[in-house]
Amino acid sequence: MRISRRAVAAAAVLATVLPLSACGGGSGDSSSDASGKVEGKITFQTWNLQANFKDYFNGVIADFEKKYPGTEVKWVDRPAEGYADKISADAAGGTLPDVVNVSPDLVAPLAKAGLALDLDKAAAKYRKEYLPGAWQSHQIPGMEGTYAFPWYLNTGPLFYNKSLFKDAGLDPEKPPTTYDELFDEGLALATKSKGKVATLANVPTIEDFGRYGGQLMNKEGTGFAFNDAKGVELLTRYKELYDAKALDPQALTATPESSGHKFLTGSVAMNPGSALDLENFKKQAPSLYKNIGITDQISSTGKANMYVMGVMVNAQTKRKPAAVAFAHYVTDATRQMDFAKQVAIFPSTAGSLDDPYFTEEDGTDVTRVRIAAAKSLKTAVNYTPVLFSDQMKTELRNQVAKALQGKQSPKEALDNTVKACDRLLQQS
C-alpha cells in the first residue's frame, strides 16, 4: 500500500454534501477539553487498510486497551471507493466515528463544520513529537488550529538518466536541484540532442508552484494567489521548455504510466518514481538501470513536497479523553515505526527518520529509494492547499495546456485559473 495523490475527489464531495450545520456524535461535548480519565468505548475508522494490515491494527488496539484498562476500541474499515461520501453521510447524520483516518483535504470541510477537534487546544503537549511540516499539514487557511494528528507520510525522489546528462556535456553527478538549474540544463539537453531528448514529461502542478516559492493562497484562505509574479515566471519558463522540446510534446496529456515509458526508452531524462520502478528498469532496461541517478525533488525553496495521512478526533465525541489518547497512540513514534516496516510509508514523528532503517544502505533498490525519500521528508511540507479540489486541479491543467500551446499568455492562464478556482471555493 502507498498513498495515492488523491484516492477519491474527497474535498469536492465533502464540500458539496456536508452542511456547515452538521453535527456528529449526538449530544457529545464540543469543547476542546480532553482532560479526564481515559476510559469507555470508542470507534476508530480507517481508509482501506483492513485487508492487508488486520493483524497490525488488532495488535495496536489490544496494546492500547491493555495500557488503559476500561477502554474498548471498535475498529471499522471503509473501502477507498466512496470514502468521502461515507464520511459526509456520517457527519450529516450524527454518526461520525470518534477517531477517523483522514487526508488534509478531507479534514478541511469537517473542521469548518466544527466536527474536527482542534489539537492545538486539546493536545498541544504532543505537537513537539511530530515533524513541523507534518503537523502543519492539517491546518486550514483562515482558521486557527490543527485538526488531525499527522500519521504516515510519503514522497518520491526523482530518477535521472546519467548517460543523457553526460552526452549533453552536463555533470551526471550533479543533477539540477532548483528550478533555475532545471530550466537551464533542460534547454541544454534539448539543444544537444536536437530536440530528441526532453528533460521532463509532465506539466507543472500546484505543487510545482509551491516548490518554486510562490504564494498559493491568501492568508485568510478566501482565495488563491498562484497567479503572482512567481507563478507567471514559472509557467513562462515551462513555456520555454515546451517550445524547445525540453518538455515532452505529449506532456499535455501524459499519465504517470506514459511518462514512465518515455523515461524507460531514453527520450526523457528525469522522472519521479519508486523502488518498484527500479526493479522494472533492472528487468526491462539494464542500460538505463546501470546509469540511473536518484536525486531529490526539484525545489527552489529547499523543501520537497510530502503527501500525508492523518488521524482526526471527532469534536462531538462523548469520550474525548479516550479518543485523543488513542489517536495519539496510533500515530506515536513506536507505532509509526512498526507500521513503516510493514509497508512503503514514512513516519511523521520527529527523529524517526534518523533510524538506521531510513539511513543505512544494504545494497537493495528498495533501500536506496527509501533512504533518498526519508532524507527529503525531514523538512518537507504539504504544498497542495487543503482547499484545492480535484476540480481545481483539472482547471489548472487545462489552462496550463493552453498557455504552453500559445493560445494564451502564462499570465492570462493563471488569472483564469485563479478566477475559476476562487469561484469553486466560494461554492463549497
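The chain of this predicted model has 18 helices and eight strands, where helices (H or I, at least four residues) and strands (E, at least two) are DSSP runs numbered from the N terminus. The radius of gyration of the chain is 22 Å, close to the 22 Å that the globule rule gives for 428 residues, so the chain is as compact as a globular protein of that length. The radius of gyration is taken over C-alpha atoms, and the globule rule is 2.2 Å times the number of residues to the power 0.38. Along its principal axes, the C-alpha trace spans about 70 × 50 × 35 Å. Residues are numbered from 1 along each chain as its sequence is written, and side-chain values use heavy atoms, with hydrogens and water left out. Because the model is predicted, local features need pLDDT of at least 70 and side-chain atom pairs count only at pLDDT 80 or more, while totals for chains, interfaces and linings use all residues.

Of the 428 residues in the chain, 56% are buried. Buried means under 20% relative accessible area, exposed means over 50%, and partly exposed lies in between (1.4 Å probe, protein chains only). The accessible surface of the chain comes to about 18200 Å², and 49% of this surface belongs to carbon and sulfur atoms. Accessible areas come from the Shrake-Rupley method with a 1.4 Å probe; for residues, only the protein chains shown count as cover. Among contacts with a separation of 6 or more, 78% are between residues 24 or more positions apart; contact means heavy atoms within 4.5 Å.

The largest nonpolar core has 123 residues, and those with the most contacts inside it are Phe226 and Tyr238. Such a core is a set of buried Ala, Val, Leu, Ile, Met, Phe, Trp, Tyr and Cys residues joined through side-chain atoms within 4.5 Å. Helix 14 (residues 320-331) gives the most to this core, with eight residues. Apart from this core lies another, of ten residues, including Leu264, Leu278, Phe281 and Ile292.

Tyr329 is found in helix 14 and is buried, with a relative accessible area of 7%. Beyond residues up to four places away in sequence, Tyr329 touches Val60, Asp63, Phe64, Lys67 and Arg335. The C-alpha atoms of Tyr329 and Lys375 are separated by 25 Å, and these residues are 46 apart along the chain.

Val102 lies in strand 3 (residues 99-102) and is buried, at a relative accessible area of 0%. Although Val102 and Val311 are 209 residues apart in sequence, their C-alpha atoms are 5.8 Å apart in space. Val311 is also one of the residues that Val102 touches when those up to four places away in sequence are not counted; the others are Val107, His138, Ala148, Met309, Gly310 and Met312. Val107 belongs to the buried residues of helix 4. Helix 4 (residues 104-112) is mostly covered, with eight of its nine residues buried. After helix 4 comes Gly114, whose phi is positive, near 80 degrees.

Most residues other than glycine have a negative phi. Lys194, however, has a positive phi, near 55 degrees. Lys194 is found in the loop between helix 8 (179-192) and helix 9 (206-211), and counts as exposed at 75% relative accessibility. Lys245 likewise has a positive phi, near 65 degrees, and is placed in the loop between helix 10 (229-243) and helix 11 (256-264). At 46% relative accessibility, Lys245 counts as partly exposed.

Asn202 is placed in the loop between helix 8 and helix 9 and is partly exposed, with a relative accessible area of 30%. Leaving aside neighbours within four places in sequence, Asn202 is in contact with Tyr238, Leu247, Ala251, Ser259, Asn271 and Pro272. Tyr238, with neighbours within four places again left aside, is in contact with residues including Tyr179, Phe183, Asn202, Leu247 and Leu404. Asn202 and Thr255 are 53 residues apart in sequence and 8.2 Å apart in space, C-alpha to C-alpha. Thr191 lies in helix 8 and is exposed, with a relative accessible area of 61%. The C-alpha atoms of Thr191 and Ser137, 54 residues apart along the chain, are separated by 40 Å.
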